Amino acid sequence: MEPHALLLDDPDPTADPAAQVEPPPLPHAFGARVLIWKQDPSVKEIGARTAFLPGVVLAGPRDARIAPGEPGIAAVEPNAFGDFLVPPDTPQFDAVHTFAVVRQTLTMYQRSLSAAGAAIPLPWQWNSGADTSPLRVFPHGLPNVMNAFYSRAQACLRFGDFVPGGDGARVYTCRSFDIVAHETAHAVLDGLKPRWLLADAPPQTGGLHEAFGDLSAIFLALAQLDQCEALVAQTKARLHDKSFLADIAEQFGLALGSGAGLRNADNDLTLSQAGTQVHAISRVFTGAVYDVLADVFAYERDPEREDDAAVLHRVAAYLGGVLLRALVAAPDSAATYADVVNEMLRIVGADGRPPAYGGFIRNQFSRREVVEAGSGNAASLPGVRLAARVCDAPGARQDRSACCGTMQLPEYRHAARLPAGEAAAAGAVVGAVAGAAP
Ligand SMILES: [Zn+2]
């Protein structure tokens with residue numbers, strides 16, 4: 001008799017009941033394949049790839065939270081399989097790519113809150129019980145404008161396109177994974193902390209908004225396993241080596257004459273070097289979180305047991321979640337870097353992470369002059385808050401001149417308080433935006 005025949009015929013009532021459990025059903029055929037730039041058109045080793053969006057995606061593409069702006073690019077219809085696979089360098093591709101990256105950014109943060117057991121919804125700023133309207137996305141929403149923005153008043157994201165230097169190939173900001181993730185992050189954070197985007201908030205509060213944009217681009221890249229693998233291969237698992245990850249908006253940066261991305265996340269700036277320039281201040285925070293990511297990844301690596309790319313994917317997902325939860329827990333107005341850092345320390349402690357996690361956060365942010373290092377173990381004890389080190393001067397005003405389009409929109413300013421020169425400049429931005437809108 002063959003052994004397995006004996007097993008099949010065995011009527012033993014003490015057999016493991018788990019063995020008789022029905023296998024889970026296959027998932028319904030929801031979800032769509034999309035073709036997207038997985039980093040930036042200029043990052044050739046990554047290129048355009050298919051990705052899967054596991055939810056209902058309708059013609060447009062659109063879903064309950066994200067919809068195409070109108071008038072805009074003609075709605076893209078799914079194919080017979082419900083997929084949106086259209087060739088690059090077409091308006092339809094741009095519509096699909098932009099939708100997909102906005103969706104992935106929102107999904108990433110929804111997942112991070114779910115994983116933490118935090119029942120925090122991520123509404124758009126205008127959402128209420130009566131208003132569930134989606135975020136509108138205009139991939140070609142600012143012709144001949146070298147910028148992109150999130151507008152609360154227009155409930156939308158708009159992306160510019162331009163020809164660098166007046167000739168050459170047109171650059172579409174919507175094709176940059178980083179720029180789309182960055183602008184979406186402004187929308188996500190504005191839904192949670194509406195006072196943070198106002199121009200009369202302290203400089204560090206503005207810096208948190210810009211930094212969250214850039215860090216969201218980094219965390220979203222690392223939410224894709226193939227990008228983790230590409231990064232590990234490019235850097236031999238050394239996150240401080242030059243890579244596509246720390247260079248944000250590569251093609252845009254090249255068009256502006258920068259050798260690398262628009263901002264380099266792997267920097268050594270400190271708060272006392274940054275002044276009131278929100279863009280510079282944001283780089284301090286972004287750089288510190290990037291350093292913490294590199295530290296935690298190096299700490300968690302164990303190539304004898306687990307693939308580096310899988311570890312990086314897991315570590316980045318956790319730290320992105322810690323960042324979002326810390327921002328949620330920070331004050332609703334005038335939040336400082338030290339507020340957020342202390343919340344990050346509290347969260348990694350409450351999550352039961354190894355003490356090294358808190359040590360990395362404390363070390364990197366004290367090196368950046370954000371917090372005092374504290375002394376010895378006392379600084380790691382639960383409930384101990386680290387003192388802020390370099391603070392905004394009382395009454396300091398934000399200088400948003402080098403920030404993305406969102407931070408420069410006049411809707412976030414209190415016009416009555418603007419000096420005459422700044423009011424005129426704000427008016428010019430309004431005119432340019434109004435004239436450029438489709
Ligand atoms: Zn921005």
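Phe30, set aside from its neighbours within four places in sequence, is in contact with Phe52, Gly55 and Val56, where contact means heavy atoms within 4.5 Å. This residue is found in the loop between helix H1 (3-9) and strand E1 (32-37); helices (H or I, at least four residues) and strands (E, at least two) are DSSP runs, numbered from the N terminus. At 56% relative accessibility, Phe30 counts as exposed. The scale used here takes buried as under 20% relative accessible area, exposed as over 50% and partly exposed as in between, with a 1.4 Å probe and protein chains only. Phe30 and Gly55 are 25 residues apart along the chain, and their C-alpha atoms are separated by 5.7 Å.

The structure is a predicted model, in which local features need pLDDT of at least 70 and side-chain atom pairs count only at pLDDT 80 or more, while totals for chains, interfaces and linings use all residues. Residues are numbered from 1 along each chain as its sequence is written, and side-chain values use heavy atoms, with hydrogens and water left out.

The overall picture comes next. The protein chain has 13 helices and nine strands, and buried residues make up 50% of its 438 residues. Of the contacts in the protein chain with a separation of 6 or more, 64% are accounted for by residues 24 or more positions apart.

Distant parts of the chain are linked here: His182 belongs to helix H3 (residues 177-192), and Cys404 to the loop between helix H11 (355-367) and helix H12 (405-408), 222 residues apart. Both His182 and Cys404 are buried.

The loop between H11 and H12 also holds Gly395. With a relative accessible area of 71%, Gly395 is exposed. Gly395 and Ala201 are 194 residues apart in sequence, and 9.4 Å apart in space, C-alpha to C-alpha.

Charged side chains can be followed through the salt bridges, each a side-chain nitrogen of Lys or Arg within 4 Å of a carboxyl oxygen of Asp or Glu. The count by this rule is 18. One of them joins Asp161 and Arg170 at 2.8 Å, N to O; Asp161 is buried, with a relative accessible area of 6%, whereas Arg170 is partly exposed at 31%. Another pairs Arg301 with Asp308, whose closest N and O atoms are 2.8 Å apart. Here Arg301 is partly exposed, at 31% relative accessible area, and Asp308 is buried, at 13%. Glu343 and Arg346 also form a salt bridge, with 2.7 Å between the closest N and O atoms. These two residues are separated by about one helical turn, because they lie three residues apart in helix H10 (residues 337-350). Glu343 counts as buried at 10% relative accessibility, and Arg346 as partly exposed at 44%. Elsewhere, salt bridges that share partners join Asp268, Asp291, Arg367 and Arg368 into one network.

Helix H5 (residues 225-235) has as its buried residues Asp226, Gln227, Cys228, Leu231, Val232 and Thr235. Their cover includes strand E2 (48-53), H3, helix H4 (203-221), helix H8 (278-300) and helix H9 (308-329). After H5 comes Lys236, with a positive phi near 50 degrees. H4 also packs with helix H2 (residues 91-115), at an angle of about 90 degrees and with the axes 10 Å apart. Axes are lines fitted to C-alpha atoms, for helices over the stretch in contact, and angles run from 0 to 180 degrees between N-to-C directions. H2 and H4 are therefore roughly perpendicular to each other, a term for angles of 65 to 115 degrees. Their contact is made by Val101, Gln104, Thr105, Met108 and Tyr109 of H2 and Phe212, Ser216, Phe219 and Leu220 of H4.

How values were computed:
Angles under 35 degrees count as roughly parallel, over 145 as roughly antiparallel, 65 to 115 as roughly perpendicular and the rest as oblique.
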